[in-house]
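Morning, everyone. Please look at the model on the screen, and I will walk you through it.

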Amino acid sequence: MAELSAFATVAEERNFTRAAARLGISQSALSHSMRGLEKRLGLQLLARTTRSVAPTTAGTALLQELAPALERIDRALSDTLKQKNSPSGRIRIIAPRTATQMVILPKLAQFARTYPEIILEITSSNDPVDLVAGGYDAGVQLGEFIQRDMIAVRVTREMRLAVVGSPEYFESNPIPKHPQDLRDHACIGFRFSNGLYRWEFEKGRKVLTVSPQGPASFDDPDLVIRAVLDGVGIGTSIEDTLAKLIAKRRLVPILKDWCPSFPGYFLYYPSRRNQPAALAALIDTLRIRD
């Protein structure tokens, strides 16, 4: 590529001295490079005299194809460098649907107005993923699921788990007083690709884990709560997402003194080195500040 670019410069300048100065190399190094290129191709590309230099017929034919290609490469590099220096380009993000609703959507409109040249491409997935293997620039996930070699930035405050049922369900079923009482209830499970999420409870030094047993499980937390609202059984979700339904008494929280808090959601990405300006802008927008 360097030799082809140098050849195009010589053909344009029609002078080795000017071409060498433009390329920032010595005239002898440029002349040696052109001779090496011609030797490998087995064709003379430049006709030289003591006073001038011009492309041969073969050189002219090569230049006609080469010049537009070099221009496209130069434009592509320029566009790539813009992503380093100014917030633009496409960012691929993977996040659970709940995280997208809580973290990204509330700030998306302002982000789009502030950075109109950035496009966020968001994929929903509850499962922890390998960002690099999946071709993602960043992800949003609960802290406990993020690999240790990732850079993690807090994007929510601490959260709490909520265990809820509908008033209709509790009209015909007793309200559990202890996590072990859940074994006698229909529990609606939330499912990762590798299995059901186990409900974790904590009170003082006591820690209990319950595997939900019931008529249905879902890989979408919204569907879990929809089933709970319909009186199918008891389910769990992040307390903040249920606040309005609890306030309207459409859901009844139970076992509140057993529901632990946890660190919440983090934006995570592989490295701080050579970070694109677009990703830096997103991090700055979503970051929670004390």
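**Sheets, a helix pair and a pocket**

Helices (H or I, at least four residues) and strands (E, at least two) are DSSP runs, numbered from the N terminus. Two strands pair if DSSP finds at least two bridges between them. Four bridges join β6 to β16, residues 265-269, and these strands run antiparallel.

A word on the source. This is a predicted model, where local features need pLDDT of at least 70, side-chain atom pairs count only at pLDDT 80 or more, and totals for chains, interfaces and linings use all residues. Residues are numbered from 1 along each chain as its sequence is written, and side-chain values use heavy atoms, with hydrogens and water left out.

Now the sheet around that pair. Strands of a sheet pair through backbone hydrogen bonds, either parallel or antiparallel. Here five strands form an open sheet in the order β4-β3-β5-β16-β6, and the pairing is mixed. Which strands stand at the edges? They are β4 (118-124) and β6 (151-154). Each has a single partner strand, so one side of each is left without a neighbour in the sheet. From one strand to the next, the twist averages 25°. Angles run from 0 to 180 degrees between N-to-C directions, and axes are lines fitted to C-alpha atoms, for helices over the stretch in contact.

Next, helix α5. α5 lies across β3 (89-95), β4, β5 and β16, and runs at about 165° to β4. Contact means heavy atoms within 4.5 Å. Helix α5 (residues 97-114) also packs with helix α10 (residues 277-286), at an angle of about 115° and with the axes 10 Å apart. Which residues meet there? From α5 come Val103, Ile104, Lys107 and Phe111; from α10 come Ala281, Leu282, Thr285 and Leu286. By type, that contact has six nonpolar residues, one polar and one charged. Ala, Val, Leu, Ile, Met, Phe, Trp, Tyr, Cys and Pro count as nonpolar, Asp, Glu, Lys and Arg as charged, and the others, Gly among them, as polar.

Move on to the loop between α5 and β4, the place of tyrosine 115. Not counting residues up to four places away in sequence, tyrosine 115 touches Pro87, Ala281 and Thr285.

There is another sheet to see. Three strands form an open sheet with mixed pairing, in the order β9-β8-β12. β9 (195-196) and β12 (217-218) are the edge strands, and each pairs on one side only. β8 and β9 run antiparallel, joined by two bridges. The bridge partner of phenylalanine 192 is glycine 195 in β9.

Then a hairpin. Strands β10 (residues 199-203) and β11 (residues 206-210) run antiparallel, with five bridges. Phenylalanine 201 has leucine 208 in β11 as its bridge partner. Two residues lie between the strands, and glycine 204 takes a positive phi near 60°.

Last stop, the largest pocket. A pocket is an open set of points on a 1 Å grid over the protein atoms alone, where a 1.4 Å probe fits, with protein on both sides within 12 Å along at least five of seven lines; lining residues have an atom within 4 Å of a point. The volume is about 440 Å³, meaning the space filled by probe spheres set on the points, with grid points joined across faces, edges and corners. The lining has 20 residues, and Leu142, Leu161, Tyr197, Ile238 and Phe262 lie nearest the centre. Which strand gives the largest share of the lining? β13, with three residues. The lining divides into twelve nonpolar, six polar and two charged residues.
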